[in-house]
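Please work through each task with the structure at hand before reading the solution.

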Amino acid sequence: MSDQSEIVIIGAGAAGVGAGMELEKRGVPFVILEGSGRVGGRAYTDRTSLPYAWDKGCHWMHCADMNPLVAEADRVGAEYLTDARDDWNAVWANGGWADEKSRAATLNAMDAAFEAVDEAGGRGRDVAISEVLPEAGGLAPIVRLWIQLMSSGDPEQVSARGYADYEETNRNWPVKTGYGDLIERLAAGLPVRLNTPVTGIEQHANSIQVTTRSGAIEAKAAIVTASTAVLNAGAIEIGAGPARDLLGVMENVPCGFCEKVAIAFDRDMFGHIGHPSVNVLPQDGSAPINFQFANFGNPMVIGHVAGSVAKELLAEGDAAMVEFAMQRLIAAFGSDIKARMVNAATTDWGSDPFVRGAYSFAKPGCAHLRHEMIEADTGNLAFAGEAFSRQWQATAHGAWASGRDVAGRLVDKFKLAS
Ligand SMILES: Cc1cc2nc3c(=O)[nH]c(=O)nc-3n(C[C@H](O)[C@H](O)[C@H](O)COP(=O)(O)OP(=O)(O)OC[C@H]3O[C@@H](n4cnc5c(N)ncnc54)[C@H](O)[C@@H]3O)c2cc1C
């Protein structure tokens, strides 16, 4: 393979697709090289493992009132829900379902934790989240679960200031037709080469040489959208130059872990709960889980774990992950529930060689380094993706907007044209 493009984009996830859409709009020739066999990256609607489609990665259009993908979803006819419920979380703890008072106490503890992180981060405290969390007593494991789910790291690993950089609007709309499906729709017609892992990139003053297993491509510029976990693992060898120098900074903005277990049932098992989601805290002191019930009316649950809990389960394998979820369902709903299971599926983001984690967070003391990563001028070899979003880190829309913005900047700076 040997050809000429103005820009080579590495990765066809949300950021790569955002970059490609921008270049297409500007009429600049480009190609997207995708290592895996599908478009979407961490946006992936699984249509085959279970009787019902479900999102293995992103599911919610966060900050929906500002999220630029809402307009894109409308344009391509993707469906999403806009009803915001304030009765989201039920709680199963201490061997039973929490009554309204205990449920409110749990939600208050979660709110207090996130407020403390925002407040400390807003004051510039670049310390571990664990250092600023208020005392939560017996509810601490649920607070910990939610810090893990939101950051993908453990509270000891994540900077409060880095976390607080996120511009939260508390409007979260789930994509009914699938967030992965939405990114696929946006990618339709873009020049994507699947199964083309990039192994090396050489940066020269006026050109970029991209090496793949099937040959090399020369371009005037390139945009790398692989996760910081992929880049930190050295999976793409970047030759000497300003882009390689930035890799040392990226080590401080790693990806943590977040995995899902989806279980389909032969009938509705959860409608009577009256809440769309439950946090289950086992009595034996082992790690809790969050379940989301009824994926758009389909009889299924999706369990969520993150941080070191997800990392350990991933190492134990799919069966252990399903068992972890099932034991917690049995605790809350009784052993009969197992007989009603039709099928189960798990994610493996942490071991996927093209992702190697969930989403990025800044380590304590390193919040400013994400800003440095975003602002660094690495010339004709630029980076984009969720880790490079100033206000929407760790999200699909942040990734998409970062790809779009970086592509536009490269075209303007190097006066690339059709
Ligand atoms: C379990 C989970 C739940 C999430 N939930 C939400 C949510 O509800 N809402 C939300 O907004 N966000 C959510 N996210 C985060 C969101 O999915 C990501 O932030 C976003 O999809 C990242 O997009 P990206 O383009 O930056 O990276 P990626 O999606 O990782 O795209 C990078 C692409 O590069 C490819 N690649 C890697 N290495 C190479 C190589 N060597 N050569 C060629 N190609 C390569 C990869 O295959 C991939 O396709 C979730 C993530 C996870 C894991």
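**Exercise 1. Determine how strand S10 is paired with strand S11 and with strand S13**.

Solution. The model is a predicted one, in which local features need pLDDT of at least 70 and side-chain atom pairs count only at pLDDT 80 or more, while totals for chains, interfaces and linings use all residues. Residues are numbered from 1 along each chain as its sequence is written.

Step 1. S10 (residues 198-203) and S11 (residues 208-212) run antiparallel and are joined by five bridges. Strands (E, at least two residues) and helices (H or I, at least four) are DSSP runs numbered from the N terminus, and two strands pair if DSSP finds at least two bridges between them.

Step 2. Val198 has Thr212 of S11 as its bridge partner, and a hairpin of four residues connects S10 to S11.

Step 3. S10 also runs parallel to S13 (residues 237-238), with two bridges between them; here Gly200 is partnered by Glu237.

**Exercise 2. Describe the surroundings of Pro51 and explain why Pro51 counts as partly exposed**.

Solution. Step 1. Pro51 is located in the loop between strand S3 (45-46) and strand S4 (54-55).

Step 1. Pro51 counts as partly exposed because it has 13 C-beta neighbours inside 10 Å. By the cut-offs, 20 or more other C-beta atoms within 10 Å make a residue buried, 12 or fewer make it exposed, and partly exposed lies in between, with C-beta atoms placed from the backbone.

Step 2. Not counting residues up to four places away in sequence, Pro51 touches Ala264 and Val342; contact requires C-beta atoms within 7 Å. The C-alpha atom of Pro51 is 9.9 Å from that of Asp266, 215 residues apart along the chain.

**Exercise 3. Identify the residues with the most contacts inside the largest nonpolar core, and the sources of this core**.

Solution. Step 1. The largest nonpolar core has 135 residues, and Ile7, Val8, Ala222 and Ile223 have the most contacts inside it. Such a core is a set of buried Ala, Val, Leu, Ile, Met, Phe, Trp, Tyr and Cys residues joined through C-beta atoms within 7 Å.

Step 1. H12 gives this core its largest share, eight residues. At least three residues come from each of domain 1 (4-78 + 175-254 + 356-414) and domain 2 (89-170 + 258-346), bounds that come from an automatic or database domain assignment.

Step 2. Beyond its neighbours within four places in sequence, Ile7 is in contact with residues including Leu23, Phe30, Ala222, Ile223 and Leu410.

Key: Two residues are in contact if their C-beta atoms, placed from the backbone, lie within 7 Å.
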